[in-house]
Amino acid sequence: MDTNLASAALEAFSILLFGIFSLLIVDITLKRKYSIKKSLALSAVLFIIPYILLIFLRLYAHQFSIDQEIDFFGRQIDLSGISNMLIELSAIMISTFFVYIAVLKGYEGKTSAKVFAASFAVLISMIASTFFSDYAMLAYNNLTAEGTVLVEKSVYVILQTVLLIITLVIYDLFIKNKVKKLISDTNGEMNRFVVVPIISYVIFIIAYCSWYVEDYTVRESMNLQYFFTSITLPILYALMFRVIFTEISATAESMKTETELNAAKLIQTSILPQSRFNGTKGISLSAAMIPAKEVGGDFYDFFELGNGKIAVLIADVSGKGIPAALFMMHAHSIIKNNIILTNSPAEAMTKSNIQLLENNDSCMFVTVFIGILDLNSGTFTYSNAGHNPPLIKNKSLEYLNVKKQPVLGVVPTTYEDLEVTLSDDAVIFLYTDGVTEAMDDAGEEYGTERLLNLLKSPGVMNMKDLVDLVNSDVNTYSKQPHDDVTMVALEYTGSSTKLSVSAEKKSLEIIQKLISSSLKTDDAKLKSSIMMVIEEIFVNIISYSYPDSKGTVCVTFDVGDELRMKFEDSGIPFDPLKSKDPDPSLTLYERSEGGYGIYLVKKFMDTVSYSYENGKNILTITKKLQ
């Protein structure tokens, strides 16, 4: 065999060895996609390609010789050394590239985890296959005084293999489990950690290959500078990665805790009801809970009790975080169950208090407000256990009169009910102290007075807008929330039904379907005409009130002998009744465009009126059904 070819084959295999052992390190860390046979076949195919490339590259390096030097800051550098450095760097990068392909194609898991494992493996293998192999070879030469190139290179490959096997065993015994745990703790999301081994590896191979710029004998002589430099570098890497792994492990644990807390948050929020009362006769309701941490101790609920009654409650558990969240789940279950059993806020409070007192070794407590609204009469029966008094807008806006009673879970007591009769369009706003006790940068609390004044603001059309308004104002006032913020806004609409929808054409079907099902008439022509009127009005609102923006349309209607409907929006002021009625006697060619839709609305409905109040367009229509 040609000496140069044999030498090139040995050098190529030497470079390829660190890639093969890199893959073995990954193999004991990650789970294979395929069987052992298929995995070996895939690896063999992938590594045959770089081996052939590396042989040609090494052959080229043997023939490459330039007797030319350049001056670099007063130092003469041989261009052949630079070319050797670039060839060595290219050879290592080729082997590394195929390691990455093999890992990405042949192993399970998220890409970031596979890239991290591959990067870490090639760094370990590269260090082991260079510094330690060099020293083993120096020791061999000193003992044997061998001088044949092929023999030396063969021995180098053997020593390199032995050292890599030792490295693999050490990794398997002491490092593998730590890497596996790291990947497990982060659920394979290793993006933020991948950069560390990759940058370390790049710096290492550049430093290693740069030796080729110097006289090759520098690497083969046991001078003091080379000895200390090459021994210190692996030690520094080992210490650096010990620190990095400690930090990464701490971060991974934090990520794991964060994942678990997010899961707990999903579970907690899943028990909170979404508003099912949009479009329900007699009531409009919206709520929100924004925990200060991942999980919180506030909760709310609302549900039907039968016989036209709706129960609503809001509560605030002492403390924050996971302990408060656990107690919240326990208290919520007890209180809701007792409301259903008793149909009385006071009785539910009394029974819940007794149950919460049992085995309450943590001495936690909960403030609670419970109300039951009779949709038929408008009677709102309520009881309060140390909670913030709600705001009520009945004839005027004020804080609801509540009886001072102890919180639940502290002392045995009996609770009492109070009642208030709500007028049509009355609003009750329930909240926790996270609203009123929110602090600004100066330490001043948001306060009950600011909340009262905010709810006097005009232009709030529905309960969702009201909740969003308060939440936005609290966030503006307090940049850093210190407590959970929870709100429930309830509107009593009397005999009317109130529906809030987005100002989009797809919402039209929702309105028409609800009103059509409420019309107690068999007159198909009448129903069809009413649906046409609703479509005309709704499309006008979208086109003229919200031409360039998104908004909400609030539809309130009451059906009896007469259909009475009110459309409200907070868009651009627009009075459709101002336009002059078209003349239907004109021929088709004589008529001007527009105006016929609202003309038909006015002709078909018994009354049509428009007003602009508190920043809202209000269009009211009526039609006798009998």
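Student: Where does Arg 58 lie?

Tutor: Arg 58 lies in helix α2. Keep in mind that this is a predicted model.

Student: What makes Arg 58 count as buried?

Tutor: Its relative accessibility is 9%. Buried means under 20%. The value for Arg 58 falls below that cut-off, so Arg 58 counts as buried.

Student: Which residues is Arg 58 in contact with, leaving aside neighbours within four places in sequence?

Tutor: Ala 8, Glu 11, Ala 12, Ile 15, Ile 87, Glu 88 and Ala 91.

Student: How far is Arg 58 from Asn 4, in sequence and in space?

Tutor: They are 54 residues apart in sequence. In space, C-alpha to C-alpha, they are 8.9 Å apart.

Student: What makes α1 roughly parallel to α5?

Tutor: Start with the axes. Those of α1 and α5 come within 10 Å and cross at roughly 0°. Angles under 35 degrees count as roughly parallel. The crossing angle passes that test, so α1 is roughly parallel to α5.

Student: Which residues of α1 and α5 meet?

Tutor: On the α1 side they include Leu 10, Phe 13, Leu 17 and Phe 21. On the α5 side they include Val 157, Leu 164, Ile 165 and Tyr 171. By class, the contact has 15 nonpolar, six polar and two charged residues.

Student: How many residues does the largest nonpolar core have?

Tutor: It has 58. Ile 92, Val 103, Met 126, Met 190 and Tyr 201 have the most contacts inside this core. Each of α1, α2, α3, α4, α5 and α6 supplies at least two of its residues. α4 gives the most, with 14 residues.

Student: What does Val 103 touch, beyond residues up to four places away in sequence?

Tutor: Val 103 touches Leu 23, Val 26, Leu 30, Lys 114 and Ala 118. There is also a second, separate core of 51 residues. Phe 277, Phe 302, Ile 314 and Tyr 492 are among them.

Student: At what angle do the axes of α14 and α15 cross?

Tutor: They cross at roughly 150°, and the axes come within 10 Å. α14 passes α15 in a right-handed crossing.

Student: Which residues meet there, and of what class?

Tutor: Leu 508, Ile 511, Gln 512, Ile 515 and Ser 516 in α14 meet Lys 527, Met 531, Ile 534, Glu 535 and Phe 538 in α15. Six are nonpolar, two are polar and two are charged.

Student: Which residues of α16 are buried, and what covers them?

Tutor: The buried ones are Gly 597, Ile 598, Tyr 599, Val 601 and Phe 604. Their cover includes α15, β15 and β16.

Student: Where does Asn 614 lie?

Tutor: Asn 614 is in the loop between β15 and β16.

Student: Why is Asn 614 called exposed?

Tutor: Its relative accessible area is 52%. Exposed means over 50%. The value for Asn 614 is over the cut-off, so Asn 614 is exposed.

Student: What is the phi of Asn 614?

Tutor: Its phi is near 50°, a positive value in a residue other than glycine. Most residues other than glycine have a negative phi.

Student: How do you know that Asn 307 is exposed?

Tutor: Asn 307 has a relative accessible area of 69%. That is over 50%, so Asn 307 is exposed. Asn 307 is found in the loop between β4 and β5. Asn 307 has a positive phi of about 60°, although it is not a glycine.

Terms used. Residues numbered from 1 in each chain as written. Predicted model: local features only at pLDDT ≥ 70, side-chain atom pairs only at ≥ 80, totals over all residues. Heavy atoms only, no water. Core = buried A, V, L, I, M, F, W, Y, C linked by side-chain atoms within 4.5 Å. Buried < 20%, exposed > 50% of the residue type's maximum accessible area, 1.4 Å probe, protein only. Helix = DSSP H or I, 4+ residues; strand = E, 2+ residues; numbered from the N terminus. Contact = heavy atoms within 4.5 Å. Axes fitted to C-alpha atoms, helices over the stretch in contact; angles between N-to-C directions. Parallel < 35°, antiparallel > 145°, perpendicular 65-115°, else oblique. Nonpolar A, V, L, I, M, F, W, Y, C, P; charged D, E, K, R; others polar. Left-handed = near helix turned anticlockwise from the far one by under 90°.
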